[in-house]
Amino acid sequence: MGVSAWDPTETGLARKRRARKVFRILRETYPAAQCELDFRSPFELLCATVLSAQCTDARVNAVTPALFAAYPTPAAMAQADLADLETLVRPTGFFRAKSASLSGLARFLEERFGGEVPDTLDELVTLPGVGRKTANVVLGNAFDVPGITVDTHLRRISRRLGWTEHEDPVKIELDLIGLFDPRDWTQLSHTLIWHGRRRCHARKPACGACPVARWCPSAGIGPMDPAKAEKLVKDTA
């Protein structure tokens, strides 16, 4: 994830003020930032999030209409033939493992929760293959329960910005919880993910075209020349 830009001499209050200023600017930069997975129910979002591992949201969105037409409920998916599931989700990669995860999830939901997706973190993480990241995606977007989704983008950006010195997702989540109000947690996740996909790339960030470079201690790890940096900016994920 790269070296953290954590500054031990920065006070907690100064870090919080800088973090909130950066977030305000990024929200203005990406006013449409939201979950980019298509879903109509908590179950669909849960399945789509499982499929999104090591795969683009756009590809997942191309696969899920046929998947949910065939298996619209946990009860239906729990009865699905594994080979049929594999065929439907094959384009998302790692299709055997993902099919097994979906089948296991559906059966667990039927057996333990009456076919309903639970709406608490403690219950969601009991589901097979569901960790805090997936649980927070579902909570924030399907149930409007505040949560911070520490995916690869959020982890990278929060370390570059010096908001955390940690690499462990749970520790990063706790650091960010200390910087932002609960009402902002879900939107913070969307905004940073959009920033990571569009400007703050893993290998070559568009530092010279970044609206928060002035407040970023890592500014300069990517090209600072505005023209060169602008060529790296992506319109979509």
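User: Which classes of residue make up the lining of the largest cavity?

Analyst: This is a predicted model, and in it that lining has twelve nonpolar, two polar and two charged residues.

User: What about the largest pocket: which residues lie nearest its centre?

Analyst: Those are S52, D57, D151, H153 and R197, out of 35 lining residues. The space in this pocket comes to about 860 Å³. Its lining, sorted by class, has 18 polar, ten nonpolar and seven charged residues.

User: Which helices each supply at least two residues of that lining?

Analyst: Look for α2 (42-51), α8 (132-142), α9 (152-160) and α11 (185-198). The largest share, seven residues, comes from α11.

User: Then let's look at α11. How should I read a helix, and why is α11 said to be largely enclosed?

Analyst: In general, an α-helix has 3.6 residues a turn, so residues three or four places apart point the same way. As for α11, 13 of its 14 residues are buried, so the rest of the structure largely encloses this helix.

User: What span should α11 have?

Analyst: At 1.5 Å a residue, its 14 residues should span 20 Å, and this agrees with its end C-alpha atoms, which are 20 Å apart.

Notes. Residues are numbered from 1 along each chain as its sequence is written. This is a predicted model: local features need pLDDT of at least 70, side-chain atom pairs count only at pLDDT 80 or more; totals for chains, interfaces and linings use all residues. Side-chain values use heavy atoms; hydrogens and water are left out. Ala, Val, Leu, Ile, Met, Phe, Trp, Tyr, Cys and Pro count as nonpolar, Asp, Glu, Lys and Arg as charged, and the others, Gly among them, as polar. On a 1 Å grid over the protein atoms alone, a cavity is a set of points where a 1.4 Å probe fits but cannot get out, and a pocket is an open set with protein on both sides within 12 Å along at least five of seven lines; lining residues have an atom within 4 Å of a point. Grid points are joined across faces, edges and corners, and a volume is the space filled by probe spheres set on the points. Helices (H or I, at least four residues) and strands (E, at least two) are DSSP runs, numbered from the N terminus. The expected span of a helix is 1.5 Å times one less than its number of residues. Buried means under 20% relative accessible area, exposed over 50%, partly exposed in between (1.4 Å probe, protein chains only).
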